[in-house]
Amino acid sequence: MVRSKRFFMKFYLVLIIAFLYIPIAVLVVLSFNNSRSRVVWGGFTLEWYTTLFHNSDVVAALQNTLTIGFGSALIATVIGVLAAVGIDAMKKRSYSLTLGVGNIPMLNADIVTGIALMLWFSRFTNLGYVSILLAHVTFNIPYVILSVLPKLRQMDVSVYEAARDLGASSVTAFTRVVLPNIFPAVVSGFFMAMTMSMDDFVVTYFTKGAGINTLSTMIYGELKRGIKPEMYALSTLIFAVVLVILLLVNYMPRLRQKQQRKLQNRKAAS
């Protein structure tokens, strides 16, 4: 009974992994296929990667995606940290009400948020790069707040009060005492916001206007005219970059711990 249970657990895990990663593996293989057919192998080639890097539309969309993602995440992180500090200082009733209202952009349907922001921005300005940036800041702020707020709730307030009693200004006490304590949560909120920004399609589609694209909207437009092999190459590169980042995030702390252990062992031996 125990063996059969373990077998089915392992089989279920393998099935899920296969369901998730076999399509990606097929995509990677097609990006090196010297044929436009998705069912015929025409030999190994790097032509689609060369064509991709010489495509000005793709390069422009990639630049827009990266700059909007980084810029919106940075702005949302600053606003979100300050908002989290303010919400943390509120009384229980105001705290619950403000937190609930602040979570609306995150819980609301993307299409509703996209249409609402499109109507708002088109009333006061032209749709374009700035409207996309502001829209991404809007839906990124709640993610930063939810990342930072629990860390603030765990922090001992007496440390901040002690810094104030010793003569530190409110800004100095925040930057020297509070910020170092919540810094991991701030970094986590920043990367979460950047990921959500780069992954977004619906809100970007409604707020981008004419003449500007991000990777998601550009790929959507290309799919209407048929899938090009360059899109396989682009998707493969995005997957490879994300995979490398995940590996670095997971293994860098372990490498640091090993180095610290080696240093401690050397000190102990000397």
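Author: H7 and helix H9 (residues 170–199) pack at an angle of about 150°, with their axes 8 Å apart. That makes H7 roughly antiparallel to H9. Some terms first. Helices (H or I, at least four residues) are DSSP runs, numbered from the N terminus. Axes are lines fitted to C-alpha atoms, for helices over the stretch in contact, and angles run from 0 to 180 degrees between N-to-C directions. Angles under 35 degrees count as roughly parallel, over 145 as roughly antiparallel, 65 to 115 as roughly perpendicular and the rest as oblique.

The crossing of H7 and H9 is right-handed. A crossing gets that name if the near helix is turned clockwise from the far one by less than a right angle, and is left-handed if anticlockwise. From H7, the contact (heavy atoms within 4.5 Å) involves His 136, Phe 139, Asn 140, Tyr 143, Val 144, Ser 147, Val 148, Lys 151 and Leu 152. On the H9 side, the residues include Val 178, Asn 181, Ile 182, Ala 185, Gly 189, Met 192 and Met 196.

The model is predicted: local features need pLDDT of at least 70, side-chain atom pairs count only at pLDDT 80 or more, and totals for chains, interfaces and linings use all residues. Residues are numbered from 1 along each chain as its sequence is written, and side-chain values use heavy atoms, with hydrogens and water left out.

Now take helix H4 (residues 92–102). H4 also packs with H7 at an angle of about 150°, and here the axes are 10 Å apart. H4 and H7 are therefore roughly antiparallel to each other. Tyr 95, Leu 99 and Gly 102 are the H4 residues that meet H7. Their partners in H7 are Pro 142, Ile 145, Leu 146, Leu 149 and Arg 153.

Helix H3 (residues 56–88) crosses H7 at roughly 40°, and the two axes come within 6 Å. H3 and H7 are therefore oblique to each other. Their crossing is right-handed.

Look next at one residue of H7. Pro 150 sits in this helix. Pro 150 is partly exposed, with a relative accessible area of 41%. Buried means under 20% relative accessible area, exposed over 50%, and partly exposed in between (1.4 Å probe, protein chains only). The C-alpha atoms of Pro 150 and Val 78 are separated by 17 Å, and these residues are 72 apart along the chain.

How long is H6? Helix H6 covers residues 110–124, and its 15 residues should span 21 Å at 1.5 Å a residue. The expected span is 1.5 Å times one less than the number of residues. The end C-alpha atoms of H6 are 21 Å apart, which agrees.

Methods:
Helix = DSSP H or I, 4+ residues; strand = E, 2+ residues; numbered from the N terminus.
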